[in-house]
Amino acid sequence: MQVVDTLGRPLRALRISVTDRCNFRCRYCMPREVFGPDYAYLDRSALLSFEEITRLVRIATGLGIAKVRLTGGEPLLRRELPTLVRMLAAVPGLQDLALTTNGALLGELAPALRAAGLKRLTVSLDTLRPDRFQSLSDTDLPLDKVLSGLEAARAAGFGPIKLNCVLQRGVNEDEILDLAAFAREQGHTLRFIEFMDVGTTNGWKLDSVVPAAEIRGILQARWPLEPLPVAPGQVARDWRYRDGRGEVGLIASVTAPFCRDCDRARLSADGHLYTCLFAATGLDLKGCLRVGHSDADLTALLSAHWGRREDRYSELRRENTQGLPRIEMSHIGG
Ligand code: SAM
Ligand code: SF4
Ligand code: SF4
């Protein structure tokens with residue numbers, strides 16, 4: 001069965017946050033003033049167990065979900081993550097299983113994740129400058145740890161690896177060509193993401209956004225590009241380098257919203273289902289699991305919840321959405 005929402009959008013993809021903790025404190029996501037030593041992270045018992053996550057994914061595949069992406073917080077901090085990957089990889093009907101990570105622990109974990117059945121990997125990389133890396137990520141871990149993690153992932157058989165770069169005006173916009181050159185040389189697929197107003201703590205301003213069209217102009221002037229076809233539900237607009245050195249993606253979530261095609265739900269680490277990255281409240285699936293709802297009950301709940309969905313926050317952003325409550329990115333998982 002394929003469920004659709006009030007705007008006729010199917011439910012096809014699920015992002016699962018497996019932890020709300022992170023070993024970085026990127027200023028645009030978990031600023032240290034908010035996510036400091038006293039921040040109340042979820043207790044272990046509040047996290048969905050691997051069995052609970054796998055059960056929900058099995059039920060969701062019955063409603064049309066074909067793709068799952070694991071995220072966080074930093075997903076590689078979740079203990080025994082390859083075990084979860086192995087359990088999800090065995091769910092019938094699931095066609096794609098991917099993970100987004102900051103890359104710092106890939107050196108240790110990439111082989112086990114690959115062996116467990118992880119198909120695709122996205123690594124966040126906003127800068128190639130060691131000093132800038134440490135100030136942007138606000139971590140003592142060096143940039144080399146991420147770069148060697150990328151090497152380890154390639155050696156483990158992942159490829160092409162996607163690199164996510166969030167550009168901010170006056171912060172790292174001067175690295176567009178350096179990052180693209182690095183990705184071209186290494187055979188990775190770089191995607192530039194417009195800085196978004198997720199959560200309420202990252203100090204977002206519209207003039208910090210570097211528009212995707214501007215990024216494309218800078219790339220195009222150096223390496224001619226041609227557009228690639230867009231698949232249903234795809235958020236990035238992909239371009240091919242005409243010289244045959246791979247592809248580059250642009251995610252214009254702010255300047256060219258794609259709500260009309262949005263087919264994603266998000267499951268937070270504590271088991272709430274959100275139907276938009278900018279939602280303020282979610283459906284408490286963990287509560288339903290733990291009071292003993294049957295698979296049929298959960299299927300009906302999920303299906304009704306998606307059926308009521310009206311979200312199109314990014315399309316409405318230009319109207320008055322600032323100041324409304326919404327969930328933090330590290331909780332819901334990007
Ligand atoms: N910790 C992992 C990582 O950094 O890849 C996974 C979780 S992180 C929340 C997922 C993605 O969201 C990252 O690529 C990150 O750059 C992106 N992100 C976080 N805050 C953002 C913001 N305000 N605007 C755009 N992208 C953001
Ligand atoms: Fe951590 Fe990822 Fe957020 Fe950076 S973007 S603070 S690495 S969760
Ligand atoms: Fe989807 Fe919400 Fe983002 Fe629009 S704003 S694309 S509905 S997650």
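Is Cys276 buried or exposed, and at what relative accessibility? Cys276 is buried, at 11% relative accessibility. Buried means under 20% relative accessible area, exposed means over 50%, and partly exposed lies in between (1.4 Å probe, protein chains only). The legends below go through the close-up views.

The model is predicted, so local features need pLDDT of at least 70 and side-chain atom pairs count only at pLDDT 80 or more, while totals for chains, interfaces and linings use all residues. Residues are numbered from 1 along each chain as its sequence is written, chains are lettered from A and ligands numbered from 1 in the order in which they are written, and side-chain values use heavy atoms, with hydrogens and water left out.

**View 1. The shell around ligand 3.**
Cysteines here include Cys259, Cys262 and Cys276. Phe258, Arg266, Leu277, Phe278, Arg309, Asp311, Tyr313 and Ser314 are also around the ligand. A residue is near a molecule if one of its heavy atoms lies within 4 Å of it. By class, the shell has seven nonpolar, one polar and three charged residues. Ala, Val, Leu, Ile, Met, Phe, Trp, Tyr, Cys and Pro count as nonpolar; Asp, Glu, Lys and Arg count as charged; the others, Gly among them, count as polar.

**View 2. Cys259, Cys262 and Cys276 carry a UniProt annotation.**
The unreviewed UniProt entry gives these residues as "binding site". They span 18 residues in sequence, yet no two of their C-alpha atoms are more than 9.3 Å apart, so they gather at one spot. UniProt positions are in the numbering used here, feature names are shortened, and annotations may be inferred rather than shown by experiment. Cys259 sits in the loop between β9 (247–251) and β10 (264–267). Cys276 sits in the loop between β11 (272–274) and β12 (283–284). Helices (H or I, at least four residues) and strands (E, at least two) are DSSP runs, numbered from the N terminus. Cys259 is buried, at 9% relative accessibility. Leaving out residues up to four places away in sequence, Cys259 touches Arg9, Arg312, Tyr313, Ser314 and Glu315. Contact means heavy atoms within 4.5 Å.

**View 3. The shell around ligand 2.**
Cys22, Phe24, Cys26, Cys29, Met30, Gly73 and Asn102 surround this ligand. The shell divides into five nonpolar, two polar and no charged residues. In the unreviewed UniProt entry, Cys22, Cys26 and Cys29 are listed as "binding site". Cys22 lies in the loop between β1 (13–17) and α1. Cys29 lies in the loop between β1 and α1. Cys22 is buried, with a relative accessible area of 17%. Cys29 is buried too, at 17% relative accessibility. Which residues does Cys22 touch, not counting those up to four places away in sequence? They are Met30, Glu74, Leu77 and Asn102.

**View 4. The second largest cavity.**
Rolling a probe the size of a water molecule over the atoms shows where empty space is left. On a 1 Å grid over the protein atoms alone, a cavity is a set of points where a 1.4 Å probe fits but cannot get out; a pocket is an open set with protein on both sides within 12 Å along at least five of seven lines; lining residues have an atom within 4 Å of a point. Grid points are joined across faces, edges and corners, and a volume is the space filled by probe spheres set on the points. The count comes to two cavities of 30 Å³ or more. By class, the lining has 10 nonpolar, no polar and no charged residues.

**View 5. The largest pocket.**
This pocket has about 430 Å³ of space. It is lined by 22 residues, of which Lys67, Arg69, Arg120, Lys162 and Arg264 lie nearest its centre. At least two lining residues each come from β1, β2 (67–71), β3 (96–101) and β6 (189–194). The lining divides into eight nonpolar, three polar and 11 charged residues.

**View 6. Backbone details at Pro160, Glu80 and Asp138.**
The peptide bond from Gly159 to Pro160 is cis, with omega near -10°. Pro160 is in the loop between α5 (143–155) and β5 (162–167). Glu80 is not a glycine, yet has a positive phi of about 60°. Glu80 is exposed, at 52% relative accessibility. Asp138 has phi near 50° and is partly exposed, with a relative accessible area of 22%.
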